[in-house]
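Please open the structure in your viewer and keep a selection tool at hand.

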Amino acid sequence: MKSNKNTEIVGNSQNRIAAGTTITGDIASEAGFRIDGEIIGTLKTNAKVVIGKDGKIEGTLECSSADIEGTFSGTLKINGLLSLKSTAIIEGEVTTMKLSVEPGATFNASCTMGGGVKSIEAEQQEKSA
């Protein structure tokens, strides 16, 4: 019998950054992420990102949707729903289609909603043109 492991849909996969792990740099993936550690840099994915209660991102996050329980500081670009849980702490610049904020969440950010959310590359190309 032949194995079809290579036909697995990457978008349904889940990457995990465990507590106690710190990654510095840029990450690009087609798969989703669960972050319980720390990322300093840029994370770009076409899937969902979950930042756990002890998770932290400093830098840029660009994804399809996000659930945040932990801390985010920087530029956040969400193509769909950004859901902030009661323990979330957000600082910086946020661009999203939809926003859900539970009571208790800290949201100290400028926020742009609706319209087309442009990717970072598209914005840079517009600025240089």
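The quantity pLDDT is the predictor's confidence in each residue, on a scale from 0 to 100. The protein averages a pLDDT of 86, and 79% of the residues score at least 70. Select residues 1-11 to begin: the pLDDT there is below 50, and this stretch has 5 contacts in the model beyond near neighbours in sequence, a contact meaning heavy atoms within 4.5 Å. Where pLDDT is low, the predicted coordinates should not be read in detail.

This is a predicted model, in which local features need pLDDT of at least 70 and side-chain atom pairs count only at pLDDT 80 or more, while totals for chains, interfaces and linings use all residues. Residues are numbered from 1 along each chain as its sequence is written, and side-chain values use heavy atoms, with hydrogens and water left out.

**The whole chain**

Display the cartoon next. Helices (H or I, at least four residues) and strands (E, at least two) are DSSP runs, numbered from the N terminus. The protein contains 1 helix and 10 strands, in the order β-β-β-β-β-β-β-β-β-β-α along the sequence.

Of the 129 residues, 33% are buried. Buried means under 20% relative accessible area, exposed over 50%, and partly exposed in between (1.4 Å probe, protein chains only). Among contacts between residues at least 6 apart in sequence, 5% join residues at least 24 apart.

**Salt bridges**

A salt bridge places a side-chain nitrogen of Lys or Arg within 4 Å of a carboxyl oxygen of Asp or Glu. By this rule the count comes to 4 salt bridges.

Select aspartate 36 and arginine 16, whose side chains meet in a salt bridge at 3.0 Å, N to O. Aspartate 36 lies in the loop between strand E3 (32-35) and E4, and arginine 16 in strand E1 (residues 14-17), so the pair ties together parts that are 20 residues apart in sequence. Aspartate 36 is buried at 12% relative accessible area, whereas arginine 16 is exposed at 59%.

Move on to lysine 48 and aspartate 67, a salt bridge in which the closest N and O atoms are 2.9 Å apart. This pair links distant parts of the chain, with lysine 48 in strand E5 (residues 48-51) and aspartate 67 in strand E7 (residues 65-68), 19 residues apart. Lysine 48 is partly exposed at 38% relative accessibility, and aspartate 67 is buried at 19%.

**Two strand residues**

Is threonine 45 buried or exposed? Threonine 45, in strand E4 (residues 38-45), counts as buried because its relative accessibility is 3%. Its side chain reaches the backbone nitrogen of alanine 47 at 3.2 Å. Not counting residues up to four places away in sequence, threonine 45 touches several residues, including Phe33, Glu62 and Cys63.

Finally, select isoleucine 89 in strand E9 (residues 89-101), which is partly exposed at 34% relative accessible area. Isoleucine 89 and phenylalanine 72 are 17 residues apart in sequence and 6.3 Å apart in space, C-alpha to C-alpha. Leaving aside residues up to four places away in sequence, isoleucine 89 touches Gly70, Thr71, Phe72 and Thr106.

Conventions
A polar contact is a pair of N or O atoms within 3.5 Å; within protein, one must be able to donate a hydrogen and the other to accept it, and residues adjacent in sequence count only if both atoms are side-chain atoms.
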